[in-house]
Amino acid sequence: MSTTHFRNARIFAGGYDLSGDHNAIALAVAAEMLDETAMGDSTRIRKGGLKVIDVTGSGHWDAAAGHVDGVLFGLVGVDDTIISVFANGLTEGVATDLGFATKGVVDKYNLKGDPGTLLGFDLSLMGRGMEA
């Protein structure tokens, strides 16, 4: 199995390329665990339930048109925002670049920073479907 030098991730939100504004991105895919335990069982019985997709990111705040503030501020709470994450970039004309896309809702867009540092942001999106 090969390894990837994680430095060229591509992040798209609502049709905008926000890759250059991010310095961290995470995509978590999980399943809700359903409890099927009944009387008389000696162990907890679990079943896989609905899939849950969460995208989180952080980076450096930028108020220019087409960058994080102008894009994400307007997307908070908007249903069916399309978010795409490609771990190792995109190559024009190639269909083998691995990525994930989900429709979801931008749950949080927070600004953060300490005196004397670059103003940063945090992003949280809760997905509602996935295409691989």
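The model is predicted, so local features need pLDDT of at least 70 and side-chain atom pairs count only at pLDDT 80 or more, while totals for chains, interfaces and linings use all residues. Residues are numbered from 1 along each chain as its sequence is written, and side-chain values use heavy atoms, with hydrogens and water left out.

Glu36 pairs with Lys47 in a salt bridge whose closest N and O atoms are 4.0 Å apart (the criterion is a side-chain nitrogen of Lys or Arg within 4 Å of a carboxyl oxygen of Asp or Glu). Because Glu36 sits in the loop between β3 and β4 (46–60) and Lys47 in strand β4, the pair ties together parts eleven residues apart in sequence. Strands are DSSP runs of E with at least two residues, numbered from the N terminus. Lys47 is partly exposed, at a relative accessible area of 43%.

A search of the whole structure gives four salt bridges. Another of them joins the side chains of Arg44 and Asp35, at 2.7 Å from N to O. Asp35 is partly exposed, with a relative accessible area of 44%.

## Strands β6 and β7

Lys112 and Asp122 form a salt bridge, with 3.1 Å between the closest N and O atoms. This pair links distant parts of the chain, Lys112 being in strand β6 and Asp122 in strand β7, ten residues apart. Lys112 has a relative accessible area of 39% and is partly exposed; Asp122, at 28% relative accessibility, also counts as partly exposed.

## Aromatic pairs

Two aromatic pairs are found in a search of the whole structure. Rings of Phe, Tyr and Trp (its six-membered ring) pair if their centres lie within 6.5 Å; planes under 30 degrees apart count as stacked, over 60 as edge-to-face and the rest as tilted. The pair of Phe12 and Phe86 is edge-to-face, because the ring centres are 6.4 Å apart and the planes stand at 85°. Phe12 belongs to strand β1 (residues 10–13) and Phe86 to strand β5 (residues 81–86), so that distant parts of the chain, 74 residues apart, are linked. Phe12 is buried, with a relative accessible area of 19%, and Phe86 is buried at 17%.

Tyr109 and Phe121 make a tilted pair, 6.1 Å centre to centre and with 45° between the planes. Tyr109 is in strand β6 and Phe121 in strand β7 (residues 120–131), so the pair ties together parts twelve residues apart in sequence. Both Tyr109 and Phe121 are buried.

## The largest pocket

The largest pocket has a volume of about 220 Å³. A pocket is an open set of points on a 1 Å grid over the protein atoms alone, where a 1.4 Å probe fits, with protein on both sides within 12 Å along at least five of seven lines; lining residues have an atom within 4 Å of a point. Twelve residues line the largest pocket, and the closest to its centre are Val85, Ala87, Asn88, Leu98 and Phe100.

The elements that give two or more residues to this lining are β3 (22–35) and β6 (99–112). Strand β3 supplies the largest share, three residues. By type, the lining holds eight nonpolar, three polar and one charged residue.

Terms used: Grid points are joined across faces, edges and corners, and a volume is the space filled by probe spheres set on the points. Helices (H or I, at least four residues) and strands (E, at least two) are DSSP runs, numbered from the N terminus. Ala, Val, Leu, Ile, Met, Phe, Trp, Tyr, Cys and Pro count as nonpolar, Asp, Glu, Lys and Arg as charged, and the others, Gly among them, as polar. Buried means under 20% relative accessible area, exposed over 50%, partly exposed in between (1.4 Å probe, protein chains only).
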